[in-house]
Amino acid sequence: MEHLKINGYIVKVDKRKTKELYKELPLVSEKAHCGCPECSYYARAIMQTTPDIKQFFDQLGIDPRKEAEVWRAAENGDGTYYYVADYHFMGEIQDVSELDWIEIDGAFFGLTNLTGNLHSSMIPDTFLSPIVELIVRINLRSDF
């Protein structure tokens with residue numbers, strides 16, 4: 001596992017295993033996952049974010065177009081959409097169970113160790129403990 005320093009804490013990440021697991025998953029825009037208009041929009045728009053946001057997902061092994069539970073929470077007055085998405089990756093935060101929100105280019109990321117019963121419709125069966133849940137709060141452009 002790789003060790004990343006995030007908000008002053010060590011986050012162990014099995015990037016290789018997470019990427020392998022994501023490779024087999026459908027895009028959130030595909031019927032096999034959801035395919036609704038909001039998820040389809042998200043799958044396109046999340047790839048138009050900043051390089052730093054893309055790099056944050058990549059260092060965790062996450063393809064931001066896959067696996068997530070996605071909610072379009074609001075349409076903002078500036079023409080952007082406010083989304084919340086939950087992802088998972090193979091890893092563990094050391095010494096604490098969760099990290100305070102991390103802000104990257106106007107997007108916010110929260111990380112929480114998942115423990116106990118990990119069988120959930122939100123987590124693919126192929127993911128094994130230890131797992132970290134990543135919550136994303138982000139405003140995405142609406143001009144595609």
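The following conversation goes through some assignments in a predicted model and the reasoning behind them.

Colleague: Why is the pair of tyrosine 41 and tyrosine 81 called edge-to-face?

Modeller: The ring centres of tyrosine 41 and tyrosine 81 are 5.3 Å apart with 80° between the planes; since centres within 6.5 Å make a pair and planes over 60 degrees apart count as edge-to-face, that is the name the pair receives. Tyrosine 41 lies in helix 2 (residues 37-45) and tyrosine 81 in strand 4 (residues 81-93), so the pair ties together parts that are 40 residues apart in sequence.

Colleague: What makes the pair of tyrosine 42 and tyrosine 83 tilted?

Modeller: Here the distance is 5.1 Å centre to centre and the angle between the planes is 50°; because stacked requires under 30 degrees and edge-to-face over 60, with the rest counted as tilted, the pair of tyrosine 42 and tyrosine 83 is tilted. Tyrosine 42 belongs to helix 2 and tyrosine 83 to strand 4, so this pair ties together parts that are 41 residues apart in sequence. Tyrosine 42 and tyrosine 83 are both buried, and ring pairs link Tyr41, Tyr42, Tyr81 and Tyr83 into a cluster.

Colleague: How do you know that the charged end of arginine 72 sits over the ring of tyrosine 81?

Modeller: The charged end of arginine 72 is 3.8 Å from the centre of the tyrosine 81 ring, and the cut-off for the distance is within 6 Å, with a further condition of within 35 degrees of the ring normal; the charged end is assigned as sitting over this ring. Arginine 72 also has its charged end over the ring of tyrosine 41, at 5.4 Å from the centre.

Colleague: Why is tryptophan 101 called partly exposed?

Modeller: The relative accessible area of tryptophan 101 is 39%; because buried means under 20% and exposed means over 50%, with partly exposed in between, tryptophan 101 is partly exposed. This residue is in strand 5 (residues 98-104), and, leaving aside neighbours within four places in sequence, tryptophan 101 is in contact with Asn7, Phe108, Phe109, Gly110, Ile135 and Arg137.

Colleague: How do you know that strand 1 and strand 2 pair?

Modeller: Strand 1 (residues 2-6) and strand 2 (residues 9-13) are joined over 5 bridges in the antiparallel sense, and at least two bridges are needed, so the strands count as paired. Histidine 3, for example, has lysine 12 in strand 2 as its bridge partner. The hairpin of these strands has 2 residues between them, and asparagine 7 takes a positive phi near 50° there.

Colleague: Which residues touch the most other members of the largest nonpolar core?

Modeller: In this core of 43 residues, they are Tyr42, Tyr87, Phe109, Leu111 and Leu134, while strand 4 contributes the largest share, 7 residues. Leucine 134 touches, among others beyond four places away in sequence, Phe56, Phe57, Leu60 and Ile62.

Definitions and conventions:
Residues numbered from 1 in each chain as written. Predicted model: local features only at pLDDT ≥ 70, side-chain atom pairs only at ≥ 80, totals over all residues. Heavy atoms only, no water. Phe/Tyr/Trp six-rings, centres within 6.5 Å; stacked < 30°, edge-to-face > 60°. Helix = DSSP H or I, 4+ residues; strand = E, 2+ residues; numbered from the N terminus. Buried < 20%, exposed > 50% of the residue type's maximum accessible area, 1.4 Å probe, protein only. Core = buried A, V, L, I, M, F, W, Y, C linked by side-chain atoms within 4.5 Å. Contact = heavy atoms within 4.5 Å.
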